[in-house]
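Subject: Structure handover

Dear colleague,

I am passing on the structure we spoke about, and below it you will find some notes on what turned up. Please read them with the structure open beside you.

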Amino acid sequence: MSDTAVKAPPAAPPTPPAKRDRRRLVKALAWIALLVVLLAIPLYLDAAWLKAGQYMMIGGVGAIGLTMLVGQAGQLSLAHAFFLLAGATGYTVLSGPVDDERVFGLGLDPGLSLVGAVVIAALLGLAFAPVSGRLRGIYLGVASLSLVFLGLYFGQSAETLTGGTSTGRSPEPFSLFGFPFTNGGPEIELMGVPIRQAERLWYLFLLLTVLAFVVAKAAVRSRVGRSWRAVRDNEAAASVMGVSVTRAKAGAFAVSSAYAGLAGAMTVLWFDILKPDESEFGTYGINISIAFLAMVIIGGLGSVPGALVGALIVNGLPQVLSLYSADLGWFSGTGDGALTPILVSSFVYGAAIILVVLFEPGGLAAIGRRITSARKPHLPEEQDK
């Protein structure tokens, strides 16, 4: 070997088990502290802020499902709004009264209806498997976009199920094991604060969000998640390794649709009405699919915690601006060109997407990983002489 050969830098030693356990403990304590703060928020904030937080959690659940599909499995989908409508309609129909002459209902228990809505959305996503298994990239995105228009037609024409665009229909108030999540039922107080509908829905949505988060993290770390990533990286190589590409794609689409269905059921409980859109832009329109895609891009494709942060920005910013504008007199113009909280929020997260794509394709999750890794000690590298 010549004298001018460059010596390789020394390999970093493995992390000692004690230090690794300490990091895990700190991480677990941080999650527990965050959960305690979220549990205490209803005791200090009024109903308007709680409702804004509930809408952020709706976005978080839907974004978790989409980041698994787009980021983990590598399938572009613009059909999230369709499955949102499917979950909302499924819950409303399954739990609706059977004696209503105007609309159809099965009168099932609300808790069972919530599970049924998730299953219906998952089955619809599974039915899309023949298309998702054959297409990829922008072609799959355009094909999935057709489902949004299908949902628009369904919502307007199936008035016995959706109630129609003029009046809609009210969902059955949610209850679990006989406990209502409304202002009725037993009076409960915590630290002198009455726990009414806003507080009860907060805790319900928090429970659903935590369950969605835990299940998603387990799926990503499991054999299923590894098969999704193998298909995303190289379909031919995944097939050689024994991964069924078609089955992996179908499973990813079904799981993502189930999450969107859960977010749809939460949406109809949040609005307290199921009302289909009159055009392709609305509660279940193209704008919602784009908003969910913005959440996962800003948060970081494939990152489950990043999806929650993206939902905090995309769904939370309009709510926060609306609440502050009422107090500070912002957006008070009445002209056609006046700024609104939704319009300003669209500008903000649109700019955020551009910045992420240009400077940090990994999103906020990658920034968080870089900050975390920068705090870890590194061995000084030897300089070659």
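The expected span of a helix is taken as 1.5 Å times one less than its number of residues. Please keep in mind that this is a predicted model.

With that in hand, consider helix H12, which runs over residues 245–271 and has 27 residues. From its first C-alpha to its last, H12 reaches 39 Å, which is close to the 39 Å expected at 1.5 Å a residue. Of the 27 residues of H12, 22 are buried, so this helix is largely enclosed by the rest of the structure. Asp 272 follows H12, and its phi is positive, near 65 degrees.

Next comes a pair of helices, H13 (residues 286–299) and H14 (residues 304–314), whose axes come within 7 Å and cross at roughly 125 degrees. Because of that angle, H13 counts as oblique to H14, and the crossing of the two is right-handed. On the H13 side the meeting residues are Ala 291, Ala 294, Met 295, Ile 298 and Gly 299, while H14 brings Gly 306, Gly 310, Ala 311, Ile 313 and Val 314. Sorted by class, this contact has seven nonpolar and three polar residues, with no charged ones.

Finally, is Thr 67 buried or exposed? Its relative accessibility is 1%, and since buried means under 20%, Thr 67 counts as buried. Thr 67 lies in helix H2, residues 47–72, and, leaving aside residues up to four places away in sequence, its contacts include Val 296, Leu 301, Val 304 and Ala 307.

With best wishes

Methods:
Residues are numbered from 1 along each chain as its sequence is written. This is a predicted model: local features need pLDDT of at least 70, side-chain atom pairs count only at pLDDT 80 or more; totals for chains, interfaces and linings use all residues. Side-chain values use heavy atoms; hydrogens and water are left out. Helices (H or I, at least four residues) and strands (E, at least two) are DSSP runs, numbered from the N terminus. Buried means under 20% relative accessible area, exposed over 50%, partly exposed in between (1.4 Å probe, protein chains only). Contact means heavy atoms within 4.5 Å. Axes are lines fitted to C-alpha atoms, for helices over the stretch in contact, and angles run from 0 to 180 degrees between N-to-C directions. Angles under 35 degrees count as roughly parallel, over 145 as roughly antiparallel, 65 to 115 as roughly perpendicular and the rest as oblique. A crossing is left-handed if the near helix is turned anticlockwise from the far one by less than a right angle, and right-handed if clockwise. Ala, Val, Leu, Ile, Met, Phe, Trp, Tyr, Cys and Pro count as nonpolar, Asp, Glu, Lys and Arg as charged, and the others, Gly among them, as polar.
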